[in-house]
Amino acid sequence: MTGEASAAAANSGTTAVRDGYAIDSAALDGWMREHVAGYAGPLAIEQFRGGQSNPTYKLVTPGRSYVLRKQPPGVLLKGAHAVDREARVLTGLARADFPVARVHGLCIDPNVIGTIFYVMDMVEGRIFWDAAIPEVSDSERGALFDAMNATIAQLHSIDPAAVGLGDYGRPGNYFARQIGRWSQQYLEDTDAGRDPHLDKLIAWLPDHIPPGDESAIVHGDFRIDNMIFAADEPKVIAVLDWELSTLGHPGADFAYHAMMYRMPPHIVAGLGGTDPATLGVPDEAAYVASYCARRGIDGLPGYDFYVAFNFFRLAAIFHGIRGRVARGTAASAQARSRVEMLPELARLAWEQAVRAGAS
């Protein structure tokens, strides 16, 4: 099974609610009747296979379905699993006609079902797990890539203050803060060990941040499998998983998305090693140019640095998974496969830094 097929199998569809994640359906039904316009039971609850960080449920009624996102049970790290922030950014972006699911209500009272949660529309459409999108024609594949490009450009063109998100994050010094955060996490996780390429990146990145400190609403994990496309046309109808969203550098957010051009598909959804022309999609340079044209900017002179930073960030995340595996708190097959990929990912991260001028 390929990495994409494995991811699709692990994250697609719903299942019975897993042990330890049960919801009091009567309490939720009562809250829905009071806070969700047009709601009518009876209510059935299923759990999506994905959404492990913040458990995600499908709420089924005779008339329609909804999605519920909640914090996980147990003691939480400060600031983690902030589903209230997710609800806030979705509500703000909807004001700008950005493609997100409509939020029906946020419950900040943990006594209702045990944690805070929010309820939004169930958006029906297509999710693609493979960046090469093998299940469509070349012409549609190119149009799907153009739709993704237009969507992230639209996101970065929204004025945060105009949609009530002016204080959604700390503007400025985005790269310095992010590099410091991930470097500290890497250095403190002694159970995960050290990697020579990550050591070099930690030394090189802080001293080579490009000039310019633009700020915009950033998604933080803008990948093809975090988008729902219309069933009958190449159009993004909802962007999912806003857990990492904040105010940040739009170039970094775009480079994380465009990283798919340099990312081997067996690590995460990517096109690395593939000739885009054979797929009917623009090459990396053309994709960057389209984004810049849509945003009305001349270019991204720091682009190679942005890509190197994002490879480093992803490698640091995998390094954290290795630490959790070593401590016995992340024993899933998917976690272990991430650990196996870490040396290759760290090497690729350093190669991006070399492209950006490191030696």
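**The second largest cavity and its surroundings**

Tutor: Four nonpolar, two polar and two charged residues make up the lining of the second largest cavity. (Ala, Val, Leu, Ile, Met, Phe, Trp, Tyr, Cys and Pro count as nonpolar, Asp, Glu, Lys and Arg as charged, and the others, Gly among them, as polar.) The model is predicted, so local features need pLDDT of at least 70 and side-chain atom pairs pLDDT 80 or more, whereas totals for chains, interfaces and linings use all residues. Residues are numbered from 1 along each chain as its sequence is written, and side-chain values use heavy atoms, without hydrogens and water.

The lining residues of this second largest cavity are Y174, G220, A252, D253, Y256, F309, N310 and R313. (Helices are DSSP runs of H or I with at least four residues, numbered from the N terminus.) The volume of the second largest cavity is about 40 Å³. (On a 1 Å grid, a cavity is a set of points where a 1.4 Å probe fits but cannot get out, and lining residues have an atom within 4 Å of a point; a volume is the space filled by probe spheres set on the points.)

The structure holds two cavities of 30 Å³ or more. The largest cavity has a volume of about 100 Å³, and its lining consists of A131, F222, R223, I224, Y256, H257, M259, M260, M263, V268 and A269. By class, nine of these residues are nonpolar, one is polar and one is charged. Y256 belongs both to this lining and to the lining of the second largest cavity.

Let us now turn to charges and rings. The charged end of R313 sits over the ring of Y256, 5.3 Å from the ring centre. (This requires CZ of Arg or NZ of Lys within 6 Å of the ring centre and within 35 degrees of the ring normal.) R313 and Y256 both line the second largest cavity. Elsewhere in the model, the charged end of R85 sits over the ring of Y168, at 3.9 Å from its centre.

Aromatic pairs come next: the count for the model is 16. One of them joins Y174 and F175, an edge-to-face pair with 5.7 Å from centre to centre and 75° between the planes. (Rings of Phe, Tyr and Trp pair if their centres lie within 6.5 Å; planes under 30 degrees apart count as stacked, over 60 as edge-to-face and the rest as tilted.) Y174 is buried, with 11% relative accessible area, and F175 is also buried, at 4%. (Buried means under 20%, exposed over 50%, and partly exposed in between, with a 1.4 Å probe.)

Y174 also pairs with F309: the ring centres are 6.4 Å apart and the planes stand at 70°, so this pair too is edge-to-face. Because Y174 lies in helix α5 (residues 174-188) and F309 in helix α10 (residues 303-326), the pair ties together parts that are 135 residues apart in sequence. Both partners, Y174 and F309, are buried, and both are found in the lining of the second largest cavity.

Finally, one aromatic cluster in the model is formed by F145, F254, Y261, Y287, Y291 and Y303.

Definitions and conventions. Phe/Tyr/Trp six-rings, centres within 6.5 Å; stacked < 30°, edge-to-face > 60°. Helix = DSSP H or I, 4+ residues; strand = E, 2+ residues; numbered from the N terminus. 1 Å grid on protein atoms, 1.4 Å probe; cavity = no way out; pocket = protein on both sides within 12 Å on 5 of 7 lines; lining within 4 Å.
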